[in-house]
Protein chains: 2
Amino acid sequence: MSNRSRPSVHPFDIEVPQLTEPNNGALPDETVRMKDVQGMPGTPAGLVLRVFQFAFAAVAVAVMAATSDFPSVTAFRYLVAALSLQCLWSLSLAIVDLYAILVKRCLRNSRVLGFFTIGDAITSTLTFAAACASAGITVLISSDFNNCGQNHCARFETSTAMAFVSWFLVSPSFFLSFWSLASR
Amino acid sequence: MSNRSRPSVHPFDIEVPQLTEPNNGALPDETVRMKDVQGMPGTPAGLVLRVFQFAFAAVAVAVMAATSDFPSVTAFRYLVAALSLQCLWSLSLAIVDLYAILVKRCLRNSRVLGFFTIGDAITSTLTFAAACASAGITVLISSDFNNCGQNHCARFETSTAMAFVSWFLVSPSFFLSFWSLASR
């Protein structure tokens, strides 16, 4: 605990980083440890990941919800629900990351990391499941039935692709949280 | 390297466990470290997991391949392909686990663990994607179209359920490999 400010205002969810090296003045303003990898919670790359997760999930929901006949297919309804949850989760964690960066603290608490890891695991599994189910239906409509004339194939495909991109951006967040939780 | 047998016959893929505690005779015949969790590669529970993964994946492929009209749907063809790969992978690792148990060695090499983790990540992702896509199609046929009379709904549902069970059994293998890789 070699820091200037005491963590008394945030007693339970933010931990002052424990510098393993003695702070010899080489890092005057940074509170980032050597083991911090960009993309972990509380880093700028982590914030960027969260913002892009939110943006792609929001586009997927918007494009799917804009089609008139999506409620007739269960998988498309499920995609809207799962990606709305992904939106909320990514937006919440983006706000937490932004706050942690602004007050220059690390999110290093074991409980917080565990919560982030479990949340990421759940939302990424739901997002991936929704994307795969929608992809199955979209391929069935467009390739197997050749029925794109009566359906909004382009919109379904766009929404599915955005959902896959969103899942692809959640994966590094999850793996880095899990890695830093396991390697504590 | 406090072991009785030298690892000279298996120089690169099996590592003699490095006992962190001095071997004071309390563990006369075991080469399992305190940090070994049941379910990791090279443990009996890991072997049981692999065998069940193989069995459920094989049942899923067999049930799906037994229906006459599965090649008309892309998602069902993909399920057969992905779960055949899962079969091969789980069977191979079951054999490796069995060998490691029989010669009483730990699979603790960093490269081997990394290979297992990446393989598990790929096969479990493919299996889960196949299961989700098949579930989307099956729900579309049975609930949205109410068209089970002309289709083998029961078989499709059985195969999808077996695929989900197989994925559910791959997940602990993957998480334990990843955890032991990260916490080395």
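# Exercises on a predicted two-chain model

In this predicted model, 100% of the interface residues of chain B are also interface residues in chain A, so the copies meet through the same surface.

## Exercise 1: the relation between the chains

*Solution.* Two copies of a chain are related by a rotation about an axis and a shift along it.

## Exercise 2: the packing of H3 and H4 in chain A

Classify the relative direction of H3(A) and H4(A), and describe their contact.

*Solution.* Two packed helices are described by the angle between their axes and the distance between the axes. Helix H3 of chain A covers residues 110-144 and helix H4 of chain A covers residues 153-182; they pack at an angle of about 155°, with their axes 8 Å apart. Angles over 145 degrees count as roughly antiparallel. Therefore H3(A) and H4(A) are roughly antiparallel to each other. The crossing in which H3(A) passes H4(A) is left-handed. Sorted by class, the contact of H3(A) with H4(A) has 17 nonpolar, 12 polar and two charged residues.

## Exercise 3: the length of H3 in chain A

Check whether the span of H3(A) agrees with 1.5 Å a residue.

*Solution.* H3(A) has 35 residues, which should span 51 Å at 1.5 Å a residue. The end C-alpha atoms of H3(A) are 49 Å apart, which agrees. After H3(A) comes Asn146(A), with a positive phi near 50°.

## Exercise 4: H2 and H4 in chain B

Describe how H2(B) crosses H4(B), and state which residues meet.

*Solution.* Helix H2 of chain B (residues 74-102) and helix H4 of chain B (residues 153-182) have axes that come within 12 Å and cross at roughly 35°. H2(B) passes H4(B) in a left-handed crossing. From H2(B), the residues Phe76(B), Leu79(B), Leu83(B) and Gln86(B) meet Phe156(B), Ser159(B), Ala163(B), Ser166(B) and Val170(B) of H4(B). By class, this contact of H2(B) with H4(B) has six nonpolar, three polar and no charged residues.

## Exercise 5: the length of H2 in chain B

Compare the reach of H2(B) with the value expected at 1.5 Å a residue.

*Solution.* H2(B) contains 29 residues, and the expected value is 42 Å. From its first C-alpha to its last, H2(B) reaches 42 Å, close to that expectation. Lys104(B), which follows H2(B), has a positive phi near 55°.

Conventions
Residues numbered from 1 in each chain as written. Chains lettered and ligands numbered in written order. Predicted model: local features only at pLDDT ≥ 70, side-chain atom pairs only at ≥ 80, totals over all residues. Heavy atoms only, no water. Contact = heavy atoms within 4.5 Å. Axes fitted to C-alpha atoms, helices over the stretch in contact; angles between N-to-C directions. Helix = DSSP H or I, 4+ residues; strand = E, 2+ residues; numbered from the N terminus. Parallel < 35°, antiparallel > 145°, perpendicular 65-115°, else oblique. Left-handed = near helix turned anticlockwise from the far one by under 90°. Nonpolar A, V, L, I, M, F, W, Y, C, P; charged D, E, K, R; others polar. Expected span 1.5 Å × (residues − 1).
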